Amino acid sequence: MKTIFKILAILVVAVLIGGTFYGAVTASSGTDQASVLERPDDHDDEFEPRDREEPDEGFMFPAESIKSLLMISVVGALYLNLPKLVGKRKPQPLAS
Amino acid sequence: MSKQNLTKLLIDLGAFVALLIASAPHFTGAAIHEWLSLSLGGVIVVHLLLNWNWIVQITARLFSKVAKGQRFNYFLNWALFASGIMIMLSGLMISETVVPLFGLSLPENGTWKELHEVSTNVTMILMGLHVAVHWNWITNMFKRLFAGRVSNPQVRIPAMGMQRKDA
């Protein structure tokens, strides 16, 4: 029972955050969504189709995964090593 | 290693690999990308449940005496949670597989696609920080995991446990 309440709490918070984002995006983009949904069927040709990307054939390199892994690694390495690098830089003694 | 720690480690490792796979929609295809990302949402809920005590403790002590690092970690986790929700929301708004499966059609809005990409990049940066903050825990868990598997009590040399007097 406790677990269900915990899950509910997580979902409620998620919905609140998601709702806030949704409200902010729809308010700023100024899209009247109802008018888009209620568009007449006989004028479908006037709307440009969603630019779907053609599926590529053959083996594909997961470049986006590598990019994500690189981003995570670089940020993580910077976070872990930046204090050391900054701390190592000692002021040079002035030559008399 | 305790059973709970092992569960946490395996779930986190699985979620991390799944995140990397899900971040490559051109490689996996739209269907795998969307379903895997949705299931990642479920894994995040499990991750939060497993760390529930920490969340409650830090939330309760947030405005009193909490270590600086813990407070940073707490807000970092909130930011990660929020950016994760942004990915899910924007992903659902431009969904090509999951949402149409339920007979729903959403209005096309280029903003959601841009937000999906931006929030993905933000999440990766925050994930890098999240991993870095827990790096000691991760390495310790792996050390314990592999130390437990490598060491065999039957072949352990007794002299290895002795301590040098001059040490």
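**Confidence and contact**

Modeller: Chain B has a mean pLDDT of 85, and 88% of its residues reach 70 or more; pLDDT is the predictor's confidence in each residue, from 0 to 100. This is a predicted model, in which local features need pLDDT of at least 70, side-chain atom pairs count only at pLDDT 80 or more, and totals for chains, interfaces and linings use all residues. Residues are numbered from 1 along each chain as its sequence is written, chains are lettered from A and ligands numbered from 1 in the order in which they are written, and side-chain values use heavy atoms, with hydrogens and water left out.

Biologist: Where in chain B is confidence lowest and highest among the helices?

Modeller: Helix α8 (residues 135-150) of chain B is lowest, at a mean of 85, and helix α7 (residues 110-133) of chain B is highest, at 94. Helices are DSSP runs of H or I, at least four residues, and strands are runs of E, at least two, numbered from the N terminus. Over residues 154-167 of chain B, pLDDT stays under 50.

Biologist: What is the mean pLDDT of chain A?

Modeller: The mean for chain A is 74, and 58% of its residues reach 70 or more. In chain A, α2(A) has the lowest confidence, a mean of 46, and α1(A) the highest, 92.

Biologist: How do you know how much area chain A and chain B bury between them?

Modeller: Buried area is the accessible area (1.4 Å probe) that two parts lose on being put together, summed over both. For chain A and chain B that comes to about 3500 Å², with 73% of it on carbon and sulfur atoms. The contact (heavy atoms within 4.5 Å) takes 35 residues from chain A and 41 residues from chain B.

Biologist: How many salt bridges are there between chain A and chain B?

Modeller: A salt bridge needs a side-chain nitrogen of Lys or Arg within 4 Å of a carboxyl oxygen of Asp or Glu. Between chain A and chain B the count is zero.

Biologist: Why is the aromatic pair of A:Tyr79 and B:Phe72 called stacked?

Modeller: Rings of Phe, Tyr and Trp (its six-membered ring) pair if their centres lie within 6.5 Å; planes under 30 degrees apart count as stacked, over 60 as edge-to-face and the rest as tilted. A:Tyr79 and B:Phe72 are 5.9 Å centre to centre with 5° between the planes, so the pair is stacked. A:Tyr79 lies in helix α3 of chain A and B:Phe72 in helix α5 (residues 68-93) of chain B, so this pair joins two chains.
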